[in-house]
Structures are given as C-alpha cells and as structure tokens.
Amino acid sequence: MIDFRSDTVTKPTEHMLAAMFTAKVGDDVFGEDETVNALEEKSAELFGMEAALFCPSGTMTNQIAIKCFTQPLDEVITDQTAHVYRYEGGGIMFNSAASVRLLNGDRGRITAEMIEDEINPVGNVHHPHSSLVVLENTVNRGGGSCYTLEDIEPIYHLCKLKGMKLHLDGARIFNALAATGDKPKDYGKYFDGISVCLSKGLGAPVGSVLLGSKETIQYARRVRKVLGGGMRQAGFLAAAGIYALDHHVERLSKDHLNASLLADTLIDLPFVKSIMPVDTNIIIFELNDKKDASHLVEELKDKGILCGTFGKQMIRFVTHLDITESKVSQAIEILKKHH
C-alpha cells in the first residue's frame with residue numbers, strides 16, 4: 001500500500017533503530033536520562049532558545065505551553081483552522097480554562113492587523129483577558145501553507161506591545177523552513193514557546209519538544225508530570241529524535257517535490273474540482289459534486305492508495321519519508337487510470 005494518510009505513519013529507518021537500541025538511558029523524571037537531556041539541549045540550541053522539554057506528543061507540548069502562558073478566564077487568539085483548537089480534544093478549555101478567539105486567516109495564516117482588532121480591552125469585566133496568540137507553521141488545514149519570519153515579526157511586536165505571549169505550534173516547522181529558507185535559530189527571537197514535532201516529517205516514531213525560557217520549561221516540566229507525561233527511560237525515544245534532527249531535515253525538500261508532482265497529476269483528473277496551492281508536503285483537493293470523498297477513499301484503497309477525507313468533498317494526501325520516488329510514480333499511474 002502507498003500510504004498518503006499522514007506523515008505520522010512512517011517507520012524508523014534501520015539506522016534510526018540502531019541509534020535507539022544503543023541509547024544511554026536513565027530516569028528522566030529525575031533528570032538522569034542523558035539521551036533525553038542531549039535531545040533537549042540540541043533542540044533548544046538549534047532554535048536559539050534557553051531550554052527544552054521532551055514530551056510524548058505535539059498535543060501535549062501545545063497544551064503545556066498554553067497552560068504556561070495563560071490563566072483561567074484568559075483568551076487564546078488563533079486561526080479557526082488551528083490544530084490547538086480543532087484537533088486537541090477541547091484541551092484549551094479543559095486544561096487551561098481559557099476561551100478561544102478564532103480568526104479567519106489566509107489558508108490558516110493570520111496577521112498582526114487581524115489580531116489587533118480582536119484583542120479585548122484591558123480591565124473590561126465583560127471580556128476574557130487576551131493573553132496568548134498561537135500560530136501554526138505549517139498550517140495543516142491550509143494545505144501546508146507557511147509563515148515566513150517576515151510574516152511573524154509584526155505579530156511578535158504586537159504581542160510585546162500588548163503584553164501578550166506568542167506560541168508556535170511547529171508541528172511541521174522544518175517543512176516550513178525547507179520551503180522558506182529561514183533559519184531555525186532566528187525563531188527564538190520571536191516566540192515565547194515553540195512546539196517541534198519529531199514524529200511527522202522527521203520520521204521519529206514518538207515525540208515532540210517544547211522550547212522556551214528556563215523559567216517556562218521549569219514550570220512546563222511540572223505540568224507535564226501532572227498530565228502523566230513523565231516517561232522515565234525515554235532516551236530510547238529521544239535517540240530517534242536526535243537521529244532525525246541530524247539526518248532527516250535536509251531530505252524534506254524531496255517530500256515537497258513529490259507533493260508537487262502528485263498535485264500536477266491530480267489537477268488534471270476529471271473528478272477533481274480544485275486544489276490548494278502546494279507549498280510543502282500536504283495536498284488538499286476538492287472533488288466535484290458527482291464524487292463523494294469517502295467513496296473515493298475506499299476506491300483508491302482497493303487500488304493500493306491510502307488517503308483520508310478532509311470534509312465531505314475534500315481529500316488530503318501527505319508525502320513523507322516512506323513515500324519514495326517509485327511509489328509516487330506508481331501512485332500517479334493509478335490516479336491517471338481512475339475514473
């Protein structure tokens with residue numbers, strides 16, 4: 001099967017497994033797992049941040065960050081497509097007792113002007129306190145759309161002016177960097193918190209890191225413990241993350257190229273109505289009224305292609321480490337013959 005459902009379905013490579021099996025481990029809750037410590041130090045240094053915290057998932061790193069940067073009765077400002085709002089189980093409300101102000105950005109990307117219009121007046125008891133802005137890079141529901149640092153800078157200045165925190169859900173941040181050419185080191189200048197997922201484009205089996213100041217990460221470690229995220233001998237997993245950062249970042253442009261090749265084929269198919277611009281490794285396309293998305297998913301599955309629906313008439317393909325050039329060619333031939 002050619003699996004385009006997500007970049008989370010990758011299996012560890014032979015060399016990644018070797019790194020995992022030879023990892024030196026200890027009790028991470030006591031701060032004694034040297035491989036976890038090495039991953040956290042490496043990640044923080046890479047993005048120009050003071051400290052980092054290894055967690056089981058990007059949902060956990062995002063939810064911990066929101067807890068660190070808000071108080072109950074506060075409000076989080078983000079785009080209406082945001083993963084922290086749509087795909088984290090209502091965690092903002094449950095974990096942080098905060099409300100959410102949703103904006104309608106351009107394929108999930110919001111601007112300083114949009115944010116400023118929605119910041120609540122300080123001291124007005126009728127409104128929650130606007131305390132945090134969350135950006136997502138790349139934007140999943142935006143078809144892998146990207147923010148550049150030039151886009152982010154005015155949002156940073158607005159947050160500083162208004163005394164608000166700025167968090168980045170960087171689930172696919174390295175895909176964004178591969179597309180924009182920006183440097184990860186520069187991100188530390190703009191964000192109070194950054195979540196970096198290791199188990200998507202980078203191909204690690206488990207894990208994300210939360211980056212921030214030493215003070216933020218100290219509190220985040222406490223919140224992780226409360227959420228059940230103390231993983232003890234987690235170095236076996238952290239070793240995969242270190243290997244991914246060392247060996248799987250440069251190759252992301254291949255995934256982007258494969259996504260573009262697939263998009264070029266899809267746009268010419270008779271049952272495809274439109275397709276979002278393909279900036280990175282995510283392809284989202286809309287079917288014409290005669291074709292139902294769930295039916296197409298089953299039809300393609302019978303022919304050896306796995307994908308997922310993104311709404312009644314929407315389909316998503318995601319390219320990744322396990323999608324080789326030969327698999328892309330094979331998928332293109334299958335799609336061309338499908339009616």
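Q: What makes two strands count as a pair?
A: Two strands pair if DSSP finds at least two bridges between them. In this predicted model, four strands form an open antiparallel sheet, in the order β9-β10-β13-β12.

Q: Why are β9 and β12 called edge strands?
A: Each of β9 and β12 (308-309) pairs on one side only.

Q: How do you know that β9 and β10 pair?
A: Strand β9 (residues 272-275) and strand β10 (residues 282-287) share three bridges in the antiparallel sense. The criterion asks for at least two bridges, so the two strands count as paired. V272 stands opposite L287 in β10, and I275 has F285 as its bridge partner in β10. A hairpin of six residues joins β9 to β10.

Q: What makes the contact between R107 and D279 a salt bridge?
A: The side chains of R107 and D279 meet at 3.3 Å, N to O. The cut-off is 4 Å between a side-chain nitrogen of Lys or Arg and a carboxyl oxygen of Asp or Glu, so this pair qualifies.

Q: Which two domains does the assignment give?
A: The domain assignment of the chain gives domain 1 (14-247) and domain 2 (251-337). Their centres, taken over C-alpha atoms, are separated by 28 Å. To the contact, domain 1 gives 18 residues and domain 2 gives 13 residues.

Q: What area is buried between domain 1 and domain 2?
A: The size of an interface is often given as the accessible area lost when the parts come together. Between domain 1 and domain 2 this area is about 1,300 Å², of which carbon and sulfur atoms give 54%.

Q: How many salt bridges and polar contacts are there between the domains?
A: Between domain 1 and domain 2 there is one salt bridge, and five residue pairs are in polar contact. By class, the side of domain 1 that touches domain 2 has six nonpolar, nine polar and three charged residues.

Q: What makes the peptide bond from N137 to T138 cis?
A: The omega of the bond from N137 to T138 is near 0°. T138 is placed in the loop between β5 (129-136) and α7 (149-162).

Definitions and conventions:
Residues are numbered from 1 along each chain as its sequence is written. This is a predicted model: local features need pLDDT of at least 70, side-chain atom pairs count only at pLDDT 80 or more; totals for chains, interfaces and linings use all residues. Side-chain values use heavy atoms; hydrogens and water are left out. Domain bounds come from an automatic or database domain assignment. Contact means heavy atoms within 4.5 Å. Buried area is the accessible area (1.4 Å probe) that two parts lose on being put together, summed over both. A polar contact is a pair of N or O atoms within 3.5 Å; within protein, one must be able to donate a hydrogen and the other to accept it, and residues adjacent in sequence count only if both atoms are side-chain atoms. Ala, Val, Leu, Ile, Met, Phe, Trp, Tyr, Cys and Pro count as nonpolar, Asp, Glu, Lys and Arg as charged, and the others, Gly among them, as polar.
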